[in-house]
Amino acid sequence: MIEDIKKDATARMQKCVDALKQSLTKLRTGRANTALLEHVRVDYYGQMSPLNNVSNVTVADPRLIVIKPWEKSMIPVIEKAINAAGLGVNAQSDAEVVRVPVPPLTEERRKEFVKVVKHKGEEHKIAIRSERRDAKELIEEAVKEGELTEDDGKKALEKVQTEVDNGVKKVDEVIGSKEKDLMQV
């Protein structure tokens with residue numbers, strides 16, 4: 001039973017870390033990255049579709065994303081969707097492709113993004129701590145019901161705390177990596 005509670009808490013904490021990584025991919029770092037456009041949706045014959053379902057999205061160089069739609073009629077639709085997405089980039093099209101130049105970030109903007117990253121990291125640390133609370137309640141209930149001895153309950157709480165510490169450490173590593181990425185000129 002203790003292992004089940006620990007495994008469940010560990011899996012939930014890992015989901016928190018994964019969700020943090022996913023949410024940070026949307027933050028622009030000054031370098032071209034296809035993840036910047038992952039959440040952009042385009043109108044494809046009346047259906048809102050992800051950009052990568054209607055085109056080929058590639059990084060041409062460190063400051064340029066190139067989108068080659070499978071149908072040329074989609075070029076103006078893609079350009080409009082990217083410009084309307086509020087990403088701080090300005091899509092430009094020609095007869096074949098849509099180019100998205102990624103401008104370098106100003107120092108002020110980088111610092112704003114670092115604050116956003118730290119805030120998101122703190123939110124995910126809180127989520128991890130709430131998983132600890134849930135696991136603690138399950139363990140305390142098992143001790144109260146007599147399914148676990150008090151010593152086993154304390155050991156289980158220590159194991160859960162170790163997992164929480166590992167989860168918080170992972171979040172700190174992700175935040176540190178993204179912060180380093182943002183501050184790199």
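This is a predicted model: local features need pLDDT of at least 70, side-chain atom pairs count only at pLDDT 80 or more; totals for chains, interfaces and linings use all residues.
Residues are numbered from 1 along each chain as its sequence is written, and side-chain values use heavy atoms, with hydrogens and water left out.

**View 1. Confidence across the model.** The protein has a mean pLDDT (the predictor's confidence in each residue, from 0 to 100) of 89, with 99% of its residues at 70 or more. Confidence is lowest in helix 1 (residues 2–24), where the mean is 89, and highest in strand 4, where it is 93. Helices (H or I, at least four residues) and strands (E, at least two) are DSSP runs, numbered from the N terminus.

View 2. In the order 3-4-6-5, 4 strands form an open sheet with antiparallel pairing, where two strands count as paired if DSSP finds at least two bridges between them. Strand 3 (55–61) and strand 5 stand at the edges with a single partner strand each, so one side of each is left without a neighbour in the sheet. Strand 3 and strand 4 are joined by 6 bridges, and aspartate 61 has leucine 64 of strand 4 as its bridge partner. Helix 2 (residues 75–84) packs on the sheet and touches strand 3, strand 4, strand 5 and strand 6, its direction making about 20° with that of strand 6; contact means heavy atoms within 4.5 Å, and axes are lines fitted to C-alpha atoms, for helices over the stretch in contact, with angles running from 0 to 180 degrees between N-to-C directions.

**View 3. Strand 6 and its two partners.** Strand 4 (residues 64–69) pairs with strand 6 in the antiparallel sense over 4 bridges, and leucine 64 has proline 101 of strand 6 as its bridge partner. Strand 5 (residues 92–93) pairs with strand 6 in the antiparallel sense over 2 bridges, and these two strands form a hairpin with 4 residues between them.

View 4. Strand 1 (residues 41–44) and strand 2 (residues 47–50) run antiparallel and are joined by 4 bridges, with arginine 41 opposite proline 50. Tyrosine 45 lies in the loop between strand 1 and strand 2 and has a positive phi of about 50° although it is not a glycine. At 64% relative accessibility, tyrosine 45 counts as exposed.

View 5. The axes of helix 1 and helix 4 (residues 150–183) come within 10 Å and cross at roughly 10°, which makes helix 1 roughly parallel to helix 4; angles under 35 degrees count as roughly parallel, over 145 as roughly antiparallel, 65 to 115 as roughly perpendicular and the rest as oblique. Helix 3 (residues 107–145) has 39 residues and reaches 57 Å from its first C-alpha to its last, close to the 57 Å expected at 1.5 Å a residue, the expected span being 1.5 Å times one less than the number of residues. Glycine 146, with a positive phi near 90°, follows helix 3.

Methods: Buried means under 20% relative accessible area, exposed over 50%, partly exposed in between (1.4 Å probe, protein chains only).
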